[in-house]
Amino acid sequence: MTSNERVVLITGASSGIGAACARLLSERGYRVFGTTRAAPLPPAAQGFELIPVDVDSDSSVEQAVQRVMESAGRLHVVVNSAGYGLAGAVEETTVEEAKAQLETNFFGIWRVCRAVLPRMREQRGGYIVNIGSLGGRIGLPFQAAYCASKFALAGFTESLSAEVRPFGIHAVLIEPGNFATGITDRRQLAREARRSQAYRESFTRALRIYEADEIAGPAPEPVAHLLYRIINTPAPRLRYTVGPTAERLSLLAKAILPGRLFERLMLRRYGSG
């Protein structure tokens, strides 16, 4: 099939990685449907259709997928990019706040996959590409809920891949490092973190480092180009990393260094050691 026959659904397409992916695929001739929780909807000048979706809602997700099927009649690629970051010490993050983080970053993707898989099975093919994070391979201080959602997504994608491969469906995980996506402005802080005493100094230092790395990161277009290569590969790998070299090398360091030494290096990197 040619690219202009392929239909793509991208969640979280109003900004960041999702928007970069939607723009590139639209420019390459794909028919792209992007989702956003924002209201009012951003202008459609970027060349793809934006539709309102709340990935925390079963009915909202199902209605969006049905809208795509009614409009395009098929669905070849799904990119799960919707999500946000929550920061705060574990002790100062409530279970409700942590559940909300996983509701969007993890169960939101589960909902989308459940909604699109029956259509893809009927078509006997497709690509589901989940946007994870290097924070799904390395636990970061004061980002436990966010990292938990991305660790969970890695295991989910691995299991999903084994289940759907017999139907010609490819499940792939992209794990980006820091990119300038606007996540800094959208990050939520645990309520108690704002009044923290015990963790105030170390939390403030770590958050300052995270924000500096994010703001100084490259634009997210490399993630979009990687996505384009993946969905044009007949047999893609399960996992791909993308981002600054030093950040990707941290995965190698974690694999070969003793655990305590790696932890000390992480503490030093984020101002706690």
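**Sheet, loops and a surface patch**

In this predicted model, Leu173 has Arg239 of strand 9 as its bridge partner.

Visitor: Over how many bridges do strand 7 and strand 9 pair?
Guide: Strand 7 covers residues 169-176. Its pairing with strand 9 is parallel. The number of bridges is four.

Visitor: Which strands are the edge strands?
Guide: The open sheet has seven strands, paired in parallel, in the order 3-2-1-4-6-7-9. An edge strand pairs on one side only. From one strand to the next, the twist averages 20°. The edges are strand 3 (49-52) and strand 9 (239-242).

Visitor: Is Arg124 buried or exposed?
Guide: Arg124 sits in the loop between helix 3 (95-123) and strand 6 (126-131). Its phi is positive, about 60°, although it is not a glycine. Exposed means over 50% relative accessible area. Arg124 has 53%, so it counts as exposed.

Visitor: Is Phe142 buried or exposed?
Guide: Phe142 lies in the loop between strand 6 and helix 4 (144-164). Its phi is also a positive value, near 70°, in a residue other than glycine. The cut-off for buried is under 20%. At 13% relative accessibility, Phe142 therefore counts as buried.

Visitor: What is the relative accessibility of Leu249?
Guide: Leu249 belongs to helix 8 (residues 245-256). With Leu252 and Ile256, Leu249 makes a nonpolar surface patch of about 310 Å². Leu249 counts as partly exposed because its relative accessibility is 49%.

Note on methods. Residues numbered from 1 in each chain as written. Predicted model: local features only at pLDDT ≥ 70, side-chain atom pairs only at ≥ 80, totals over all residues. Heavy atoms only, no water. Patch = residues over 30% accessible without salt bridge, like charges linked within 9 Å, V, L, I, M, F, W, Y side chains within 5 Å. Areas by Shrake-Rupley, 256 points an atom, 1.4 Å probe, with all protein chains shown as cover. Salt bridge = Lys/Arg side-chain N within 4 Å of Asp/Glu carboxyl O. Helix = DSSP H or I, 4+ residues; strand = E, 2+ residues; numbered from the N terminus. Buried < 20%, exposed > 50% of the residue type's maximum accessible area, 1.4 Å probe, protein only. Pairing = 2+ DSSP bridges. Axes fitted to C-alpha atoms, helices over the stretch in contact; angles between N-to-C directions.
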